[in-house]
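Student: I am new to this structure and would like a guided tour. Could we go through it together?

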Amino acid sequence: MLLRNKKFVFVLISLMVMSLWLAACGASDNNKNAGNAATNAPAATDASAAAEEKMLVDGLGNEVKIPADPQRIIASYLEDHLVALGVKPVAQWSVPNGIQDYLQGDLAGVPTLAHDLPFEAVTALEPDLIIVGMSSTVEGKYDQYNKIAPTFVLGDDINNNWREALFKVGEVLGKDAEAKKALETYDAKAKEAKEKIAAAAPGESAAAIWLVGKNFYMVSEGLSTGSLLYEELGIPVPEVVKEVSATEGGNWKAISLEKLAELDADHLFLINSDKDSGSEMLNDPIWKEIPAVKSGNVYEYPASSSWLYGGTVAFSQVIDDVLESIVK
């Protein structure tokens, strides 16, 4: 009988201690949220209640119910933003000839998913949230993806602006603070790099070209890596880059070897996808007469580098490359 009484007293005391601890936690939470309307609600006693489902309107005007704490996320070709936010997706973007190699320090071992998001493959991955960048990816197929998992489309305007895309992905995943911090860290790095470049190579221009399939492409002045070089790092824009940027095409515009011969750039960044096949275009006499080539100011990077992509992770790596090349 005495033993039972002791057990009863012990349990009673334990319950009292637990009640006091919970009350203290509730008071602490209320103090932290003073002035917020949410403080009128009962204090959460379950850790899972910290995250809640929310309704957001995506770039196509769809109302999407975002899960409280999505764990199996597919965000094809938005992985740069996920990595910046500290999120590992359940699968990563891929094309027949590769993946985003520059992210593999964070995504090594993550299964690949074809860039066109086959329904069967997406279904097999059992995602609880799908985030899509371009509207064309789900054109005529949105309802089918949305049946697999809630599907949020950034829309072309946001997707084409990597800063806005980062913030929107952060909003969807409830990681607004992480997005802000990632961008602040990146901007500080870009500002410091700009100052170093201006001091080491004042007034010296540069261009970035891509060799793939025996064809040359030049990055546009205000797009992709071009926006980083010319707008954020303040490197002067060569006249040929301005001319090519005004032509039709995507981020990287086709340019003939003859036009490259007119390139008035002090420095030339070469992304070489033809490395394994011999890069025969680099043996052409015209190539060798390009001023930056003749002066030895060509800096070659493989297609596996981050030069062909965009985002805080990609551009941070490009900044490292530029500093290594120009700032001696």
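Tutor: Gladly! One definition before we start: a residue counts as buried when its relative accessible area is under 20%, and as exposed when that area is over 50%. Please also keep in mind that this is a predicted model.

Student: What percentage of the residues in the protein are buried?
Tutor: The cut-off to apply is a relative accessible area under 20%. The protein has 328 residues, and the buried share of them is 41%.

Student: How many helices and strands are there in the protein?
Tutor: Both kinds of element are present, and they are numbered from the N terminus. The count for the protein is 14 helices and 13 strands.

Student: Which helix gives the largest share of the lining of the largest pocket?
Tutor: The largest pocket holds about 1400 Å³ of space. Its lining has 46 residues, and the closest to the centre are Tyr-77, Asn-251, Leu-308, Tyr-309 and Gly-310. Several elements supply at least two lining residues each, including α2, β4, α7 and β9. The largest share, four residues, comes from α9.

Student: How many residues of that lining are charged?
Tutor: Let us sort the lining of the largest pocket by class. There are 19 nonpolar and 20 polar residues in it. The remaining class, charged, has seven.

Student: Which residues are closest to the centre of the second largest pocket?
Tutor: This pocket has about 290 Å³ of space. By class, its lining has 10 nonpolar, two polar and five charged residues. Of the 17 lining residues, the closest to the centre are Ala-68, Asp-69, Pro-70, Leu-173 and Lys-175.

Student: Why is α9 described as largely enclosed by the rest of the structure?
Tutor: Look at residues 224-232, which form this helix. Its buried residues include Ser-224, Gly-226, Leu-228, Leu-229 and Tyr-230. α9 is largely enclosed because the buried residues number eight of nine.

Student: Which glycine with a positive phi follows α7?
Tutor: α7 covers residues 162-172, and among its buried residues are Trp-162, Leu-166 and Val-169. After α9 comes Gly-234, with a positive phi near 70°. After α7, the residue with a positive phi near 70° is Gly-174.

Student: Is Ser-279 buried or exposed?
Tutor: Ser-279 lies in the loop between β12 and α12. Most residues other than glycine have a negative phi. Ser-279 has a positive phi of about 50° although it is not a glycine. Its relative accessible area is 8%, under the 20% cut-off, so Ser-279 is buried.

Student: And how does Lys-214 count by its relative accessibility?
Tutor: Lys-214 sits in the loop between β9 and β10. Its phi is positive too, near 65°, and Lys-214 is not a glycine. The relative accessibility is 46%, which lies between the 20% and 50% cut-offs, so Lys-214 counts as partly exposed.

Definitions and conventions:
Residues numbered from 1 in each chain as written. Predicted model: local features only at pLDDT ≥ 70, side-chain atom pairs only at ≥ 80, totals over all residues. Heavy atoms only, no water. 1 Å grid on protein atoms, 1.4 Å probe; cavity = no way out; pocket = protein on both sides within 12 Å on 5 of 7 lines; lining within 4 Å. Points joined across faces, edges and corners; volume = space filled by probe spheres on them. Nonpolar A, V, L, I, M, F, W, Y, C, P; charged D, E, K, R; others polar. Buried < 20%, exposed > 50% of the residue type's maximum accessible area, 1.4 Å probe, protein only.
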